[in-house]
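Work through the exercises below with the sequence and the structure open beside you. Try each task before reading its solution.

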Amino acid sequence: MKRLIALLLVLSLLIVFAGCNSNPDPNTSNDSQSTQGADNVGDSVSDDSSAIGGVLTEEALRNRKATPESDFEYKEFWDIVRIDKYLGDDPIIVIPDTINGKPVGEVSDCLFEYDFTVKGVYFPPTVTDIGAFGVTSENLEVVICEGVEEIKYGCFGYSPNLHTLVLGDNLKKLEGYALSDLSVLTEVYIAPSMTEIDGDASTVFSGSDNLTVKGKADSFIESVCKEQGIPFEAV
């Protein structure tokens with residue numbers, strides 16, 4: 001009788017263990033699924049704020065990959081390439097240093113003239129003059145053009161959302177209304193190499209009431225700022 005009771009007890013324990021193994025803890029299963037789901041979300045979200053409609057930053061623009069060559073209409077010359085038209089639909093554009101092994105040395109003055117969606121543009125140091133924006137640049141936020149030597153008439157004028165403009169040490173010339181009516185831009189550095197203004201100097205910064213120009217003391221740009229009543233900070 002005792003042997004029968006012991007046998008029944010062993011069978012009962014086996015049944016219990018079998019039941020536990022066939023029905024895992026539902027909490028453990030849910031935790032595993034939640035972790036996998038979180039990983040998938042993390043992989044799909046870009047760290048570029050512009051991808052989700054946020055404000056574009058200089059760092060984000062610098063970290064973007066070059067725009068494909070197929071997104072441009074261009075002409076090849078003996079030693080350079082000139083980009084004449086942007087064919088893509090990405091509002092953030094990184095102009096490549098080279099196309100077909102030749103440096104991109106020029107861009108058309110009207111490259112973005114009728115494109116209202118452009119948000120940020122990186123020009124490689126090989127591009128020395130630009131006149132690519134104008135009155136259609138209402139969404140423009142960041143421009144990096146560290147190789148530019150000449151900023152043409154009205155180039156960045158009327159860009160109400162431009163908050164970051166990076167110019168290099170090679171800038172030599174500004175034309176009229178080049179930096180006018182910039183309501184958001186608060187500062188821009190202009191190198192002492194800039195010694196010429198083509199046209200009415202009083203129009204270069206007209207309407208850019210929140211702007212402080214940074215530059216070298218006793219430079220040409222400091223004298224221009226004093227004449228126009230633009231705040232100047234020596235750096």
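Two strands count as paired if DSSP finds at least two bridges between them. The model used here is predicted.

**Exercise 1. The sheet**

Task: Find how many bridges join strand E6 to strand E8, and state which way the two strands run.

Solution: 
1. Locate strand E6 at residues 120-123 and strand E8 at residues 142-145.
2. Four bridges join these two strands. The cut-off for pairing is at least two bridges, so E6 and E8 pair.
3. The two strands run parallel. As a point of reference, Gly120 stands opposite Val142 in E8.
4. Now place the pair in its sheet. The order of the four strands is E3-E6-E8-E10, the pairing is parallel, and the sheet is open.
5. Strand E3 (92-94) and strand E10 (164-167) are the edge strands, since each pairs on one side only.
6. From one strand to the next, the twist averages 5 degrees.

**Exercise 2. The aromatic rings**

Solution: 
1. The structure holds three aromatic pairs by the rule used here. Two of them are treated below.
2. Planes under 30 degrees apart count as stacked, over 60 as edge-to-face, and the rest as tilted.
3. Phe72 and Tyr86 have 50 degrees between their planes and 5.7 Å centre to centre, which makes the pair tilted.
4. Phe72 belongs to strand E1 (residues 72-76) and Tyr86 to strand E2 (residues 81-86); the two are 14 residues apart.
5. For Tyr86 and Phe112 the angle is 65 degrees and the centres are 6.0 Å apart, an edge-to-face pair.
6. Here Tyr86 in strand E2 is linked to Phe112 in the loop between strand E5 (102-107) and E6, 26 residues away.
7. Taken together, Phe72, Tyr86 and Phe112 form one aromatic cluster.

Task: Decide whether Tyr86 is buried or exposed.

Solution: 
1. Buried means under 20% relative accessible area.
2. Tyr86 has 8% relative accessibility and therefore counts as buried.
3. Phe112 is also buried, because its relative accessibility is 1%. Phe72 is buried as well.

**Exercise 3. The salt bridges**

Solution: 
1. The whole structure has twelve salt bridges. In one of them, the side chains of Glu146 and Arg62 meet at 2.9 Å, N to O.
2. Glu58 joins Arg62 and Glu146 in a network of salt bridges.

Task: Where in the chain do Asp90 and Arg64 lie?

Solution: 
1. Asp90 and Arg64 form a salt bridge whose closest N and O atoms are 2.7 Å apart.
2. Asp90 is in the loop between E2 and E3, while Arg64 is in the loop between H3 and E1, 26 residues apart.
3. Asp90 has a relative accessible area of 30% and so is partly exposed. Arg64, at 25%, is partly exposed too.

Technical notes
Residues are numbered from 1 along each chain as its sequence is written. This is a predicted model: local features need pLDDT of at least 70, side-chain atom pairs count only at pLDDT 80 or more; totals for chains, interfaces and linings use all residues. Side-chain values use heavy atoms; hydrogens and water are left out. Axes are lines fitted to C-alpha atoms, for helices over the stretch in contact, and angles run from 0 to 180 degrees between N-to-C directions. Rings of Phe, Tyr and Trp (its six-membered ring) pair if their centres lie within 6.5 Å; planes under 30 degrees apart count as stacked, over 60 as edge-to-face and the rest as tilted. Buried means under 20% relative accessible area, exposed over 50%, partly exposed in between (1.4 Å probe, protein chains only). A salt bridge is a side-chain nitrogen of Lys or Arg within 4 Å of a carboxyl oxygen of Asp or Glu.
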